[in-house]
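These are my notebook entries on one structure. I set down what I looked up, entry by entry.

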Amino acid sequence: MDKIVQIYDKRVLLLDNSIEEETLPDPDLSDVWVVNHHSPSKVKVFLKKIIRSENLKVYLKPVFLQREFKKGYEYFRENLYIEELCDGYIENMQIQEKVQLLDRVNYFVQKYAENRGHKQLSGDEAILQSSFDYYYTRQKSIIPIKSHNSLSGYTHPRIEAHFFSIENADKYSRVLLKGAFSENLLDREFIDTLHLCHHCGGGFLNYREICPKCKSHNLKMIPLIHHFRCAYIGPKTDFLYKDQLICPKCSSLLLNPGVDYDRPGSTFICKNTSCNNQFQHPPILVSCVDCETDQSPHELVVRKVYKYSFTEKGLQHFLSLD
Amino acid sequence: MLRWGWYILLLDIPRFLIVEGVSLILSKKKRRETYAEWKIAEQRLKNEYPLVTVLVPGHNEGKHLYKLVESLKRQTYQNIELIVVDDGSTDNTKDIGHNFEQRGDINLFIRSEIRGGKASAANMGLRYAQGKYVIHLDADSSLKDDAIEKILIPFYRYENVGAVGGNLMVRNEEDSLAATMQYLEYLQSINVSRIVLSYLRIYKIVSGAFGAFPKAILDRVGGWDVGPGLDGDITVKIRKINHRIIFEEEAICHTHVPVTWKKLTKQRLRWSRSLVRFRLRKHRDIWIPNMNFRFSNFMSFFENILFGLILDFLWVFYMIQILVMEPTFLLIWFPFKYSIYLILSIIQYSYCLAICDDKGQVFKKIIYIPLYPIYMGYYMRIVRTIGYIDEFFFYDSYKDAWNPIKTSSKAKEFGA
């Protein structure tokens, strides 16, 4: 059994065994839950379990991580958003700083815990309701965060916690939010634009300049040099002799840039030995790291990223008791 | 002593009437007689069908590209690689060019971010050119449908051809009086005169507006040198390595000429300065009877300098002398000179009519002939003389904004 300590007038449950055994504790026994476990992967699993719970008293319970554990959690980059799955970090068990939050949650739970459950909600509606309850009590907007772990680069950790595969999580959470927006339950504000693979929606893309003839991306860029005196223009390799620049047309030494010569641009050479093409404007080819699909930049899917907040209608809808 | 001006007529009349008339007749006759050989040459061209690079360097010429592309699409000769070089344009040439390149209408669109001048732009295009022949065009040139085919045939008709100059006709002669006078001028000084000069082996300038060169020869002379006047300069370079320069009157290109007198004056001053800069300074070795001396090169310069520079000076000097010493003599001199040159102009005009294709269009301009002696005899001579003096004493061609200062100053420093 996990320990319960009393801090001022609040009962604080220190989660350790529950996380180890992956069982949710009884929400009535304490006011606040504080994670007291070292393994970030297990903590993540546990926090997601809390989010997915159908019990309002569970998924609204204030849950904190301890700052003393932070370094250990964030050792691996994939755990960087772990605090988004709960109410953040506290230091030295300073629960009293969070008193306002605790009271707000308490009030909400007392008002709505008994009166919910009359509506039969579909899976999607349940997720929206659960998310609403959380964001409403925490007085926050639904803001996506940048993450290396997510497919596209942005993630809504709490909403995506409801889904079980990474592609579904990304796709369905967006669909859900977009749907709520089109029903005017949510308001949205533009925050970013993404260019994603048209095949898998992945944001991890490799951009390469390629040879227009043979498509190889093993290219060499050479600056052009224009010799003023005789109007000869060519790649730097034409001029290079030992360490100096000597004009192949008039054999004079090029000394002062801007006075004797300048660099009006560059030329590319394809290093593919069977091609050796020379050109000025290499086209760009994009390769998706996740699904290895090649595409040109204008084939990429352009998607906008928004942060969401609840409208009046939304508030009415989600707060209604019938 | 005062009346020495009469003797100048002894030069102009033989040259324009007799030499031109006779050479024109002989040239046309020879062409008709060797018709079969021309046909063979045409067949050889069509059998070989080599890749030809059309090179179009320009600065802020984006608005002309559409017409150029269309003009090339209509060509009877289609094995063409179109290379357009954008020399640091500041308008939307870059976008227009890229668009055409993506559509495949332009094979290669090269851009220099910093303006370097026409010579460096042409050389940059030459570097990427893969054709056996390179045809240099101005962006506002529009070619007759068989122009490219026609300009290539001389390479197969004769041996050792280093360059072929195309025929230039004025496209915008309706735009102004200045343009109409230039239309008449081009008929005589290009259409007729160059046939004569080419026949006599002293043809001197393959115009940048429409000229064809074997790529190997361009590479050998190191491409173009700093201008203005780079088209005349490269023609001289090719002459110096013992190649023939041919004028092909059937390869026709329509070009846009300056419309205002001010712009026309600027252009002719520029051309006159080039004459001094290249034929008296840079390539002065043509005059010297050393081991590299070739009589035809010498004669091409001599004809140019005599009828272009020396006579202009003499006429202007003579005018000044009359004005200063005996102004009343003008009352006799002016009508006399005008009558002689009017007759000369009419005869020249009839030569043009005889050889041109669209006789109707040329004939319509007959009402402008009375102005021609004043245009050529006074306006042009005075402008050209100013240009010669300007370049001779003040080296003003190096200050011309036509070419960026950075290259002009280096060219000046090294006598290029």
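Entry 1, one residue. I began with B:Ile80, which lies in strand β2 (residues 80-87) of chain B; helices (H or I, at least four residues) and strands (E, at least two) are DSSP runs, numbered from the N terminus. I was working with a predicted model, in which local features need pLDDT of at least 70, side-chain atom pairs count only at pLDDT 80 or more, and totals for chains, interfaces and linings use all residues. Residues are numbered from 1 along each chain as its sequence is written, while chains are lettered from A and ligands numbered from 1 in the order in which they are written.

Leaving aside neighbours within four places in sequence, I found B:Ile80 in contact with B:Val52, B:Val54, B:Leu72, B:Gln75 and B:Ile148 (contact: C-beta atoms, placed from the backbone, within 7 Å). I also noted B:Val134, 54 residues from B:Ile80 along the chain, with 9.8 Å between their C-alpha atoms.

I turned to strand β4 (residues 133-137) of chain B, where five of five residues are buried. B:Tyr133, B:Ile135 and B:Leu137 cover one side, and B:Val134 and B:His136 the other. Which strands does β4(B) pair with? Strand β1 (residues 52-58) of chain B pairs with β4(B) in the parallel sense over four bridges, and strand β7 (residues 210-214) of chain B runs antiparallel to β4(B), joined by five bridges; pairing requires at least two DSSP bridges between two strands. I found B:Val134 opposite B:Thr53 and bridged to B:Phe213 in β7(B).

I took helix α1 (residues 9-33) and helix α12 (residues 330-355) of chain B, whose axes come within 11 Å and cross at roughly 10 degrees. The axes are lines fitted to C-alpha atoms, for helices over the stretch in contact, and angles run from 0 to 180 degrees between N-to-C directions. That angle makes α1(B) roughly parallel to α12(B) (under 35 degrees is roughly parallel, over 145 roughly antiparallel, 65 to 115 roughly perpendicular, the rest oblique). I logged the residues of this contact as ten nonpolar, two polar and two charged; Ala, Val, Leu, Ile, Met, Phe, Trp, Tyr, Cys and Pro count as nonpolar, Asp, Glu, Lys and Arg as charged, and the others, Gly among them, as polar.

Helix α10 (residues 261-282) and helix α14 (residues 372-394) of chain B pack at about 50 degrees with axes 8 Å apart, and are therefore oblique. By class, I noted eight nonpolar, three polar and six charged residues in the contact of α10(B) with α14(B).

I found an open sheet of five strands in chain A, ordered β1-β2-β3-β4-β5, with mixed pairing. Its edge strands are β1 (3-7) and β5 (89-90), each pairing on one side only. β1(A) runs antiparallel to strand β2 (residues 10-15) of chain A over five bridges, with A:Lys3 partnered by A:Leu14.

The contact takes 24 residues from chain B and 15 residues from chain A. On the side of chain B, α5(B) gives the largest share, six residues.

Definitions and conventions: Buried ≥ 20, exposed ≤ 12 C-beta atoms within 10 Å, placed from the backbone. Contact = placed C-beta atoms within 7 Å.
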